[in-house]
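Hi,

Here is the structure I promised to hand over. Please look through it first; my notes follow below.

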Amino acid sequence: MPNYICTTCGVQYAESVLPPEHCAICDDERQYVGWAGQTWTTLKDLQRTHSNRLDVEAPELISLVTEPKFAIGQRALHVRTPEGNVLWDCITLVDDRSVAAVQALGGVLAIAISHPHYYASVVEWSRALGDVPVYLHAADGEWLMRPHPAIVFWQGETHQLAPGLRLIRLGGHFPGASVLHWAGGAQGQGVVLSGDVLQVGQDRRTVSFMYSYPNYIPVNAETVRRIVRALEPYPFEQVYGAWFGQNIKAGAKVAVGYSADRYIAAIADPSSH
C-alpha cells in the first residue's frame with residue numbers, strides 16, 4: 001500500500017489502500033486546501049517528475065530544495081559540526097542522489113523539524129539515512145500523520161541534539177514551533193535555523209511572526225515578546241529561513257529585536273503607519 005502525499009502541504013500519510021478524504025493539516029486554518037481541491041500523489045510519482053538541488057549556503061551548511069517547486073516549497077538544511085550532523089526541516093522528495101550526497105557529507109545523527117507543515121517525508125528520510133531519530137516537539141504530536149518508531153517527541157523549552165546544536169521552542173506559529181541554534185555557525189558567532197517560525201522578510205534584514213502566513217493571521221504582542229525572551233540567552237549573527245535566499249547574514253539578533261518592536265507597535269498603535 002502506498003503512503004499518500006498531500007500535494008498542497010507535501011506531508012506524507014500512513015499507508016492506506018486509498019488516499020484519505022481530507023488532509024488534516026491543510027484543513028487547519030493555518031494552511032489551506034489547494035484551489036483545485038484536495039489532491040494526492042506518491043513518492044514514486046514524485047520521483048518521476050521532480051529532483052532535488054543542493055546548494056552551499058555557508059561553510060558546513062548545505063541546502064536541499066525540490067525542483068520544480070512542490071507543495072509549500074521549503075528547503076531542508078544539512079548542518080555539519082565536529083560533534084555531529086543534523087538535517088534541519090524536511091522536504092518531501094527522497095531520492096538516491098540526494099541521500100548519497102547527504103551521506104557523502106557525513107550523514108546525520110538526527111533529523112529535527114520546526115513545525116508540522118514541514119513534516120514532509122520524515123520517515124522516508126530517516127530510513128534512507130540509517131534509521132536516525134526524528135525530533136518533533138511533543139506539543140505538536142497530534143499533527144503527525146505517519147507514526148513511526150524513529151519519531152522522538154521532545155518536551156520542554158530546549159533540547160540539545162549535540163554539543164552546540166540546540167532546539168528552542170518559540171511557539172507562535174504552532175504550540176511546539178521551534179528553531180535550531182547552531183552555536184558554531186557564522187565562525188562561532190552563532191546561527192539560528194528558523195523555518196518560518198521566524199519568517200525572514202523579502203528585505204532580508206527583518207523577520208515577522210504569524211499564526212498563519214497564507215491566511216494572514218497574526219500572533220499577539222505577548223507571543224512575540226515570549227519569542228524574543230526565548231532567544232535572548234543565545235548569541236546569533238545569522239538567521240537562515242525556510243526558503244532559498246531568505247537569510248539574514250549579519251546582525252540577526254539585533255534584527256529580530258527590532259522586528260519584534262516594530263511588529264508590536266504596528267498591532268498596538270493604529271497611528272504607527
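**Ser-121 and its surroundings**

Leaving aside residues up to four places away in sequence, Ser-121 touches Ile-5, Gln-12, Cys-90, Ile-91, Thr-92 and Val-94. Contact here means heavy atoms within 4.5 Å. Before going on, the ground rules. This is a predicted model, in which local features need pLDDT of at least 70, side-chain atom pairs count only at pLDDT 80 or more, and totals for chains, interfaces and linings use all residues. Residues are numbered from 1 along each chain as its sequence is written, and side-chain values use heavy atoms, with hydrogens and water left out.

Back to Ser-121. Its side chain reaches the backbone oxygen of Thr-92 at 2.7 Å. That is a polar contact (a pair of N or O atoms within 3.5 Å; within protein, one must be able to donate a hydrogen and the other to accept it, and residues adjacent in sequence count only if both atoms are side-chain atoms). Ser-121 and Thr-92 are 29 residues apart in sequence, yet 4.8 Å apart in space, C-alpha to C-alpha. Ser-121 is buried, with a relative accessible area of 0%. Buried means under 20% relative accessible area, exposed over 50%, and partly exposed in between (1.4 Å probe, protein chains only).

Most residues other than glycine have a negative phi, and most peptide bonds are trans.

- Ala-120 has a positive phi of about 45 degrees. It sits in the loop between strand S8 (110–112) and helix H4 (122–128), and is buried at 4% relative accessible area. Ser-121 lies in the loop between S8 and H4 too. Helices (H or I, at least four residues) and strands (E, at least two) are DSSP runs, numbered from the N terminus.
- Tyr-216 has a positive phi of about 55 degrees. Its loop runs between strand S17 (210–212) and strand S18 (217–218). Tyr-216 is exposed, with a relative accessible area of 68%.
- Glu-67 and Pro-68 are joined by a cis peptide bond, with omega about -15 degrees. Pro-68 lies in the loop between strand S5 (61–67) and strand S6 (76–79).

**Helices H6 and H7**

How do H6 and H7 run relative to each other, parallel or antiparallel? The axes of H6 (residues 221–231) and H7 (residues 252–268) come within 9 Å and cross at roughly 170 degrees. Axes are lines fitted to C-alpha atoms, for helices over the stretch in contact, and angles run from 0 to 180 degrees between N-to-C directions. H6 and H7 are therefore roughly antiparallel (angles over 145 degrees count as such).

From H6, Ala-221, Val-224, Arg-225, Val-228 and Leu-231 meet Lys-253, Val-256, Ala-260, Tyr-263, Ile-264 and Ile-267 in H7. The contact residues divide into 9 nonpolar, no polar and 2 charged. Nonpolar covers Ala, Val, Leu, Ile, Met, Phe, Trp, Tyr, Cys and Pro; charged covers Asp, Glu, Lys and Arg; the others, Gly among them, are polar.

**Two buried strand residues**

Leu-167 lies in strand S12 (residues 165–169). It is buried, at 1% relative accessible area. Its contacts include Trp-88, Tyr-135, Trp-154 and His-159. Leu-167 and Ser-178 are 11 residues apart in sequence and 6.5 Å apart in space, C-alpha to C-alpha.

Asn-247 is in strand S20 (residues 247–248). Asn-247 is buried, with a relative accessible area of 7%. A polar contact of 2.4 Å joins its side chain to that of Arg-75. Among the other residues that Asn-247 touches are Glu-57, Val-200 and Tyr-240.

Best wishes

Technical notes:
Angles under 35 degrees count as roughly parallel, over 145 as roughly antiparallel, 65 to 115 as roughly perpendicular and the rest as oblique.
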